[in-house]
Amino acid sequence: MLFLAVSVTAYGQDRVVTGVVTTSDDGSTVPGVSVSVKGTSRGATTDADGKYRISVPSGNVVLVFSSIGFQKQEIEVASKSVIDVRLINDSSELSEVVVIGYGTQSKRDATGSIGSVSGAKIAQMPNQSFESGLAGRTPGVQITVPSGVLNAPPVFRIRGTNSISLSSYPLIIVDGVPTFTGNYSAGNASSNPLASINPNDIESIDVAKDAAATAIYGSRAANGVVFITTKRGKSGKVRVSYDGWAGVSNTYRLPEMLNAQEYLTFKRMAIANNPNASTTTLTQTNDANGNPIDTKWQDQVYRQGISHSHNLNVSGGSENTNYYFSTGYTNQQGVIRKNDFERLNALFNVDSKLTKAVTVGGKISYSNEKNLAATSSGSLNGEAFNTGGLGRLAIVLPPILAPYNNDGSLNINRDNAAIGSSNNMSITNISYYNPTALLALNRSNSEVSHIQSNAYIQVVPFKGLTLKSTYGIDYLLVDNDIFQSPLTGDGYATKGNASGVFRKEKTWLWTNTAQYDRNFGGAHNFSLLIGQEQQRNTSRGFGLNRQSISDNAYTELQAGWANNNYTNLVYGENYLLSGFGRLNYNYKEKYYLSGNLRQDEYSALGVKKGTFWGASAGWEITQENFWKNAKLDNIFSSFKVRGSYGKVGNIGGIGDYTPYSTYGSGLYGGSATLAFSSVGNPNLKWETSTKSDVGINFGILNDRITGEVAYYKNNVNNLILYVAQAPSAGLPSNPPQNIGAMYNQGLELALNARVINTNNFQWTSNFNITFNKNEVTALAPGMDVLQTGTAGLETVNQTAPGYSIGNLWVVRTGGVDPATGKRIFINSQGTKVYYQYYAPSGQYNYSTTPDGLTRYVSPSGGTSITQAADAVMYANVNPKQYGGWDNNFKFKNFDLGVMLTYQLGFNVYYGTNSGLHDQRWWNNARDVLTEAWMKEGDTDKKYAKPVFNDNVSNGSSMPLDMNVFKGDFVKLRNVTLGYTLPSSLLTKVKMNSLRVYVSGQNLAVLTKYPGPDPEVSSNGFSSTSGQGVDRNTVGNSRTFTFGIKAGF
Amino acid sequence: MKKHFIYASIFCLTATGLASCNRDYLTPIPETSVSDASAFSTESRITTQLLSVYEAMKHGNFYGGRFVIYGDIRGEEFINETSNLVTGSDVWSLNPTNSASSVERLWQYAYLTINKANIFIEGMEATGNTVVGNDAGNRYIAEAKVVRAVSYLSLLQYYARPYADGNGNNPGVPLRLTGIKGTGQSEIARSTVAEVYAQILKDLNEAEAALPATYSTSNDNTTRAHKNTAIALKTRVYLTMQNYASVVTEANKIVSTAAPFTAPTGVTHALQPDITTIFTNYTTAESIFSMPMTANAGDNPGTQNQLGYYYSPTVGNKEYSLNPNGIIANTGWTATDKRRSLLATNSGKTWLNKYKTPTTFHDYVPVIRYAEVLLNLAEAKARSTNSVDAQAVALLNAVRNRSDATTTFTAGSFANATALINAILLERRIEFLGEGLRNNDLMRLQQTIPAKGSISAKAPTENGYIWPIAASELALNPLMKDN
């Protein structure tokens, strides 16, 4: 047994106390814990196995156990000779270190606004990438998981939406190297490159929010910066740890649809109400077993997904060299059939101190991800109205159609791409596909190989000065394999369709920094950083698309096809050349000042060079004598007032050649052409964010309660807008201009408390809330509004000065007329207009009287209600409040975590709802049976008199206010119950620690939203101005997992 | 300590030495496109740019598809089968709104073409002619002017009152004659119909003077403008303006006085013996000007713009069937007429099957063919002489007999000039079914658009006889006035 340090001073009647120190997280032992006798200088340290041995004097002795990253614990020795201690992780404490960009800083010294999340908090959640786990963890961070499609990037916002045309996604820095964000799939699977980072390998996530914390990233800082730090080895014995879980996922709150009998009754009634459709017949036939067909299409589309994940890591080190090696495998099934995610990854980190002055190290990470899908889910950006969108097919198809014919073959129409319906319906224009066939025949897979690596050398020529040079690469290679069968669906028109698409994104980064830390006179602490950095990205992509298959049995791109064409060509490059500096100063850890400066030159701008800065100041009042004199320091362990101001930029998402006007190539009957194709702007520059932030950070009762309050405001100017010119000007694209303006302001509040803190029972509680207000203040001349369409077919978001971005823009309704069952619209003037789909002779579709006899004439002379003429700015889609509440309980060896997240004060356009009540042959939600007007005197009905083919009264033909709902929700995001086996038991099986747990995600949703999930987004993560739309989107899933974490 | 300084020095030297930045990366040169500064710098860039002016016209939203489709479905020959707004059900119903995609896109793509022509003409005048020489340069400019003229003529057919309504004094469309490459040039008022026609004729006249008589390949003779193209188009322009004397003058340049009718100079245009040849062999001497297509990506009309997709029952989506009460019901159009072989029956309905290349539907799209010039001349002769003109009858017979040898008209077949004119108009409906001419034939004579299916007739005085102006133009061009 090796003792690293033992006090040897002898006292009379001394006796020896021994024991093992473990963590309350997982029961693993903790080396290097300082053990001291309170009030004396006696001390010892735990060894590599967490064991200690200390001699204590007789009498009433108290042992103090302390270690960085854990709460200090004091235990009375009394007559015990063996004292095992379980230390509690205090990741929330101010003593923590935060990553600040090109360095770290003690959180106590930080004057910028930074939120930190420990990797352990998200490691065991069954997510594909870490961001989904950040929801509710730290104030200012808003995460909306857009759909139930696996590996779809979440809508990730820090302190609101800060751009219109460019990205609003934060900059993600992984171990010092910026990485790719977004969706790099060319098909129907989603491929978020952040999924390459195994959540198990993440040590910490630090979120920089204000100008002071982000300015060091200059032109890319406007949306905040997220620093991911992966795990590194610690000196000591080799540690091996295994983490694994397995689980099941299911859908929840799916709409309840009509069954076959209800469908027939209801639709036949609707047919009877429309004399023009009187020849339409619906027939129920029998299946192969002689039972009437009654298909639950949702069962054809959704499944119970089974997932599992395994991670093994080995870490350790000597005095001079530390290493961390990890490998992981996960295979996850989504709730949509054939939507799978499979990742195989490895990470190796090493740091080696060559001499006293020189340290070298680096990391290499490789990840291979398979993002699999058969066909469109209808849930990713642009897919909402796909005829083959599975989310849509699950609700639109009538239950009287069957997935299979009675001979066992797939039910498809031989004359078009659609499902076969001729036996059951006399309607000829059914264009929707059979999802069972699509799932059986098609595929749309994306495979990612992602290499993230860096190497550094660090030299400390003398105390205080650190020189560091880091070279990093991030290579993202994406390979797509898409096949659409010629038999049915999207591949029908082209007689089959296959694509192979390859994309290669390569970034290299070289950073050189010099940092000098010096204390003068024991009071003045300086830390100066200067650095230089260059980053280059190149993009290449190409694809082969083949159509007209030679043999229907073929399913591969390499088989025989008649037509060959290119697809998905990508070519780009950009370069960012930067110099930066930072000066941190504090006087006796009482007064703090910091300044950050960065100059960026970026290739994709017209005006290349920009200078960005942030300054902050802090005052730790507890260090003041008057505070101490007032005995306030007995209550407040810390109380810091801080403020920051600065100017940063946004260039995320600018095309590589945007400043240039260019001529592109095309074809004219096989001959090459060259045409003016892109209008540039040689004066294009970054978008500017002027950020101010004022806050208080405090700790009460020895940091038993900590908290922070911050007010922030971000004024965004020079927003790049692609300003449309009159079409008669004949420009091939809209020229980009720095012209719009917007702001976000708000208040963040976070409270963390160790509510109960005894050796056997602990309860910690972390609550945070963010209040945010977004308002667009200027667009461009001639551009009064900016409309954002959903999948090119429906426009429900309209951005206009004076409103928050992407406001819902819909036509108002006034219920259903109790006497006639007609939908009442409210026109632009506030007048009621009665609508009937079928207008008998002498009557009108749109009438100002319920009897239909008075033709409606709009102020501009139109005779119908239209969105263009009558829609109003109706409701806000951006949450006014959001946050989370995390509670962790520990009782002896049991632990329980309960995590709630919430978003409040926003609205969602439930476009799906219009489809659910469309009176064409589409199936309907069951509430039509009770909520549709049936007879005179039916009051307060939601839906108009069912008239076959009516697609106006329900909102299919234009967005209506009746389909807008409050989205406010509180979700029981995560509940985990764990049990840590006692170490006494484990030593016998040579294990260091073992914890088993069960966990549930999205167990309950408290909301008035009628759809499956208010936390969705049809327009996806990348849309800044198109949030708050739920159009045929597959909701999030509910997942139960069982897991093991074992240490050896 | 000394050792540490050595480390530090080595480190610094290496770091600063290797990390010296590459400032060239800050001004990347686009490798997949050409900068506007050098677009006219080489002969190859000039010739490819010239073809891009045609390419713009060929776009599926313009002459490569929808312009031609709208020209037919506005009329009475087709029945909409799918009620799909995306495929022009509102155009067919004669009630598209200002923001309808048909109204917006045709406007947009026609002006895109016009701007490309303007940029090309200006660029040639500024630098291009010195690169390729004035001879070639002026020929190229002339080609661009033909495209510009066709584009303006196309716009007038939908967005302005017919010339005959007030002799062109009604609002036409904005006349843009300079290339636009940046912001700030949105505002422009509408010129009158007459002013736009004057510009169309100016372009065509200048083009006729400068264009080559022929090209070396039959493909170029069909897909690029030559002298006879400009002349043929002028017969259409003048006919649209009801300037029949000028139709005769122009047509006489390219139509011999007696059958068999051929063009005496330039490309020897003539009718093909079998009309069906034209829709399989796209570059015969009958096809004066057509939009070429291939199966290559981007070289065909694109999704839901293709003629075959709209009409064909065998390869298309059957968007429009033929109106059983339309021209196909005409008993004078005999069952053995070769042109009936371009129809097909399917699901109990009759369909147009002129365009039947399966996906990617890369049939060439006709702009003007010799048969039209003959019938333009025939009609102009009959109208200008107000008699049963012998050459007019002969021209009509040339078109009819080619497909139907059993029907031969004589002067005695017609009671008067009106009867002859009506026969010619009827022949146009048969001959050019699905070639986009029907709308203009109704408009130029200010005829009521006949009823079809569930859609009632539309008189010239009624709202919807011409299209409204695109909503985006009204929003972004304050000087623009709606129809």
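# A walk through chains A and B

Visitor: Which order do the strands take in the open sheet of four strands in chain A?
Guide: Glad you started here; please keep in mind that this is a predicted model. The open sheet has four strands with antiparallel pairing, and the twist from one strand to the next averages 45 degrees. Its edge strands, each pairing on one side only, are β36 (786-790) and β43 (872-875) of chain A. The order is β36-β37-β38-β43 (chain A).

Visitor: What is the bridge partner of Asn797(A) in β38(A)?
Guide: Strand β37 of chain A covers residues 794-799, and strand β38 of chain A covers residues 807-810. These two run antiparallel and are joined by two bridges. In β38(A), the partner of Asn797(A) is Leu808(A).

Visitor: Let's turn to where the chains meet. How many nonpolar residues are on the side of chain A that touches chain B?
Guide: In the contact between the chains, 62 residues of chain A meet 66 residues of chain B. Among the elements giving two or more residues to the chain A side are β22 (443-459), β26 (561-587) and β30 (662-668) of chain A. By class, that side has six charged residues, 24 polar ones and a nonpolar count of 32.

Visitor: Which residue of β1(B) stands opposite Tyr663(A)?
Guide: Here a strand of one chain pairs with a strand of the other: β30(A) with β1 (residues 34-35) of chain B. The pairing is antiparallel, over two bridges. Opposite Tyr663(A) stands Val34(B).

Visitor: How much of chain B counts as buried?
Guide: Chain B has 16 helices and seven strands, and its C-alpha atoms fill a box of roughly 120 × 50 × 45 Å along the principal axes. Among its contacts with a separation of 6 or more, residues 24 or more positions apart account for 70%. Of the 483 residues of chain B, the buried share is 53%.

How values were computed
Residues numbered from 1 in each chain as written. Chains lettered and ligands numbered in written order. Predicted model: local features only at pLDDT ≥ 70, side-chain atom pairs only at ≥ 80, totals over all residues. Buried ≥ 20, exposed ≤ 12 C-beta atoms within 10 Å, placed from the backbone. Contact = placed C-beta atoms within 7 Å. Nonpolar A, V, L, I, M, F, W, Y, C, P; charged D, E, K, R; others polar. Pairing = 2+ DSSP bridges. Axes fitted to C-alpha atoms, helices over the stretch in contact; angles between N-to-C directions.
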